[in-house]
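Here's a quick tour of the model, going from domains to overall chain shape to one helix. Have a look at the structure first.

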Amino acid sequence: MGSRPRLNRRQFLAGLAAFGFGPARAETRRFRIALADFDETPGVTLEGLGFTGAQLRRSFELAARSLPVEMIYFDNAGDPTRAIGNAEAAIAAGIDLLIEYCADREANAEIAHRLSTAGIPALALVYPLPGAPVYGPDNRAAGRIAGQALGKFAVENWSGEQVVGVVIGDIAGPNPAINERVQGITDGVHEALPTLQLASLDTGGQAVRADALLTKFLQTQRGQRLLIATLDDLAAVYAKNAIEMNRRQSDCIIVSQGLDQNIHGGASEKKEIDPNNRGSVVLGSVAYYMDRYGYEILPLAMRLLAGEKLPEHTVTQHLLVTASNVFREYPPFDMN
Amino acid sequence: MKIAGLAALTGMSVLSLLASAVPAFAEADCKAVVAPSPFGPDDQTGATNRVTAAVTKAAAAEIQTGVVTPMAYPLVDGIPLFGSRFSKTILSSFATMPGAEFGKNKLSYMEDTYLSQSHVGTHIDGLGHIGIQDCYYNQTPMGKYVTQNNLKRLGIENLKSFATRGVIIDAVKVFQAANKLKANPACKRPCLDAGTMITQADLEAGLKMYNVTLREGDAVFINTGWGDLFEQYPAQNTAYNGGEPGITAAAAQWLASQKVILVGSDTWAVEVIPGEDKDIAFPVHKTLLTDNGIHIIENVRTQLIADAAANSKRATFFLSMTVPKAVGLTGTFINIEAIQ
């Protein structure tokens with residue numbers, strides 16, 4: 001039997017509210033939570049996927065509507081120094097909790113130190129912040145889901161035929177998540193096709209290059225079936241274009257990573273996967289839900305503020321989204 | 001030749017849409033997922049059952065000055081539409097060419113072909129519009145009643161009169177008064193931003209602003225200011241379609257408990273988008289249409305009647321609105337006027 005963790009005043013009040021005790025004042029207590037976003041610069045995307053910092057922030061704005069929280073937003077702009085400054089500003093603003101999204105290890109250590117000194121708890125997004133629970137993707141698991149889907153497709157549709165595998169994306173990019181995804185894809189494909197070799201087409205971070213790279217590759221692979229794993233959805237769109245321009249729709253299939261708007265489409269936007277378009281060469285994409293992080297993370301923050309101890313690492317529940325379930329995951333607005 | 005080509009092309013689109021519009025229904029226990037109708041197990045009419053002679057007579061008392069305020073937007077190319085929706089007119093029959101006139105008086109004439117989806121512009125959502133799986137209003141298993149061309153139950157031909165009292169709730173003024181208006185910079189007039197939740201308390205505050213108490217059979221319209229973006233078509237179509245302010249699921253429940261016949265707004269779905277719960281699609285539609293037979297009117301031009309109410313301090317009016325007896329349709333564009 002360990003001793004019960006000591007609660008500070010903030011956690012004690014939150015606990016009262018969470019369990020329905022105490023006066024109305026405790027029940028109506030509103031918490032001040034800061035989100036220090038990774039980078040909201042237009043054109044910058046997150047974690048090698050198609051999501052933007054603005055989308056991530058918006059998910060917090062939307063999720064906060066139904067919770068007793070006042071949100072304060074900071075943009076770290078991908079700059080460790082700025083991230084430290086933002087954390088300091090958040091502390092000065094009297095926050096109850098900081099949600100930190102910063103990739104720099106040293107900056108995170110400094111931020112954790114300052115928060116600890118101020119007695120303010122934190123939640124970390126994607127990258128560890130000393131002493132704080134982390135929420136983020138399970139890149140290897142997500143990759144494995146894609147690999148499994150590709151392998152299953154080949155077994156079910158191309159049994160006994162010559163099958164080639166290829167991974168397309170920012171393969172040499174600096175984000176370690178990419179390697180984890182590629183490894184996961186490889187593991188997943190090998191479950192059904194243990195001897196399949198996966199070629200790599202590196203876009204160098206420019207998804208548009210997927211078109212030319214795949215076109216060239218297709219011309220060297222005549223008569224072969226192609227399993228294509230793209231590392232982001234924009235690369236999938238360009239790869240699809242290459243396949244269609246080369247009229248190879250019947251012997252190519254793509255499974256992507258992300259499930260961002262390039263694939264599921266927003267209001268009045270083209271949908272690459274759609275229940276009415278089940279013949280697309282884009283079989284599906286593995287969802288990362290970064291545009292919904294707020295809905296997952298703010299409830300965790302409330303639990304933390306209520307004095308609950310969270311697991312050290314909480315991961316996104318990744319899911320392969322295809323034409324058969326895309327509208328359940330991202331209902332289209334076209335139906336009103 | 002051009003017209004024939006266009007007609008053929010559009011015809012193909014129509015066929016394609018019709019084919020895709022027939023869903024592969026999954027059978028569900030409709031008694032478990034949809035509330036029973038308060039108007040009996042065979043009812044296909046819904047909330048307009050509440051528009052009795054007494055309700056219409058009482059509503060007629062709202063006509064005091066005779067001033068008529070339009071509440072519908074023009075239906076014209078360029079207005080915000082969703083996805084593959086379209087609305088096109090083709091001048092399809094005419095006798096204006098020399099020699100084609102009729103009789104010695106040289107009568108000429110023109111006609112149109114309307115190639116349009118029904119849920120465009122200012123329009124009504126009928127009871128066949130929204131369900132949960134194959135379960136629609138009054139626990140109807142719609143899979144049994146869907147054909148290639150229309151519905152065999154719950155079509156808008158079943159609706160009764162809309163000759164009732166209208167009530168405008170000005171959510172913009174409510175939010176301004178509460179000092180919580182977060183506007184969208186694209187709006188030229190004050191508007192609630194996309195994602196703004198309008199609660200029961202907000203609706204009650206809006207009613208109190210003009211000393212209105214809802215009564216059974218009322219038609220409720222909510223002005224959010226979002227229609228300002230509609231009026232800026234096509235420049236702001238993306239912004240207009242990208243989200244909207246609107247009522248919450250709980251507010252919809254409350255309106256249903258007030259036994260209104262319809263809820264309309266200057267938005268494309270009446271309810272807040274993005275919704276409160278990321279996993280629940282269009283809960284207000286389900287509450288109002290599917291569970292309660294209460295119609296939703298979208299893209300309503302509410303600003304003018306909201307302005308009129310602000311000037312006259314009177315937020316009620318006689319609702320002039322009719323729905324064509326189009327058999328088996330899920331909705332239709334309509335015209336609305338407020339008569340005070």
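Chain A is assigned two domains: domain 1 covers 9–137 + 291–305, and domain 2 covers 139–287 + 322–335. Keep in mind that this is a predicted model. The C-alpha centres of domain 1 and domain 2 of chain A sit 33 Å apart. Where they touch, domain 1 of chain A puts in six residues and domain 2 of chain A puts in 16 residues. On the domain 1 side of chain A, that contact is made of three nonpolar, two polar and one charged residues.

Over to chain B, which has 10 helices and 15 strands. Its radius of gyration is close to what the globule rule gives for 340 residues, so chain B is as compact as a globular protein of that length. Some numbers for chain B:

| Property of chain B | Value |
|---|---|
| Radius of gyration | 21 Å |
| Box of C-alpha atoms along the principal axes | roughly 65 × 50 × 45 Å |
| Residues that count as buried | 44% |

Among the contacts in chain B with a separation of 6 or more, 80% join residues 24 or more positions apart.

Back in chain A, which residues of α5(A) are buried? They are A:Ala107, A:Asn108, A:Ile111, A:Ala112 and A:Leu115. These cover an arc of only 135° around the axis, so they lie on the same side of α5(A). The cover over them includes α4 (80–92), β3 (97–100) and β4 (122–125) of chain A. A:Glu106 and A:Thr117, on the other side of α5(A), are exposed. Just after α5(A) comes A:Gly119, with a positive phi of about 70°.

Note on methods:
Residues are numbered from 1 along each chain as its sequence is written. Chains are lettered from A and ligands numbered from 1 in the order in which they are written. This is a predicted model: local features need pLDDT of at least 70, side-chain atom pairs count only at pLDDT 80 or more; totals for chains, interfaces and linings use all residues. Domain bounds come from an automatic or database domain assignment. Two residues are in contact if their C-beta atoms, placed from the backbone, lie within 7 Å. Ala, Val, Leu, Ile, Met, Phe, Trp, Tyr, Cys and Pro count as nonpolar, Asp, Glu, Lys and Arg as charged, and the others, Gly among them, as polar. Helices (H or I, at least four residues) and strands (E, at least two) are DSSP runs, numbered from the N terminus. The radius of gyration is taken over C-alpha atoms; the globule rule is 2.2 Å times the number of residues to the power 0.38. A residue is buried if 20 or more other C-beta atoms lie within 10 Å of its own, exposed if 12 or fewer, and partly exposed in between; C-beta atoms are placed from the backbone. The arc is that of the directions from the helix axis to the C-beta atoms.
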